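Please prepare a short briefing on the chain shown below. The points are grouped by topic.

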Amino acid sequence: MPKILIIEDDNFLRLALEKKLKKEGFEVITANDGEEGLQKIITELPDLVLLDIILPKKTGFGFLEDLQKDPNLKSIPIMVVSQLGQPEDIEKGINLGAIEYFVKAKVSLDELVSKIKKFFEEKRAGSSTG
């Protein structure tokens with residue numbers, strides 16, 4: 001069962017996402033800020049991270065920069081889910097290693113969960129061909 005780390009300071013969104021992902025059979029770990037997220041990614045080594053950008057203590061961009069410096073962590077896939085939707089923000093997130101960048105106002109919870117499930121299906125299909 002894939003393990004997902006959600007780093008999101010909005011309690012309502014974090015809980016809704018956690019509940020929905022658990023219902024789909026994922027193991028879910030959560031963090032309220034960037035620093036806690038960094039500690040949890042090190043101890044839990046999740047299969048995927050859902051990362052907000054506007055976070056207390058350490059921003060999502062700061063989190064991504066820290067991951068790039070650690071060879072053990074930089075291969076963990078990150079999907080950004082943020083209010084920041086300017087092209088330069090999206091570009092920065094992708095350049096810092098995010099595999100996907102979703103703008104909260106443009107993606108529903110159901111769409112997000114579908115994208116996550118699709119990601120793991122494709123990952124499984126890719127790994128079973130060798």
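How far apart are the mean positions of the positive and negative charges of the chain? The mean positions of the 19 positive and 23 negative charges are 3 Å apart, where Lys (at NZ) and Arg (at CZ) count as positive and Asp (at CG) and Glu (at CD) as negative, without His and the chain ends. This is a predicted model, in which local features need pLDDT of at least 70 and side-chain atom pairs pLDDT 80 or more, while totals for chains, interfaces and linings use all residues. Residues are numbered from 1 along each chain as its sequence is written, and side-chain values use heavy atoms, without hydrogens and water.

**Fold and dimensions**
- The chain has five helices and five strands, defined as DSSP runs (H or I, at least four residues; E, at least two) numbered from the N terminus.
- From the N terminus, the order is β-α-β-α-β-α-β-α-β-α.
- The C-alpha atoms occupy a box of roughly 40 × 30 × 30 Å along the principal axes.

**Packing**
- Of the 130 residues, 43% are buried (under 20% relative accessible area; exposed is over 50%, partly exposed in between; 1.4 Å probe, protein chains only).
- Among contacts (heavy atoms within 4.5 Å) with a separation of 6 or more, 61% join residues 24 or more positions apart.

**Loop residues with positive phi**
- Leu-45, not a glycine, has a positive phi of about 45°; Leu-45 lies in the loop between helix 2 (34–44) and strand 3 (48–51) and is partly exposed at 49% relative accessibility.
- Lys-57, also not a glycine, has a positive phi of about 70°; Lys-57 lies in the loop between strand 3 and helix 3 (60–68) and is exposed, with a relative accessible area of 65%.
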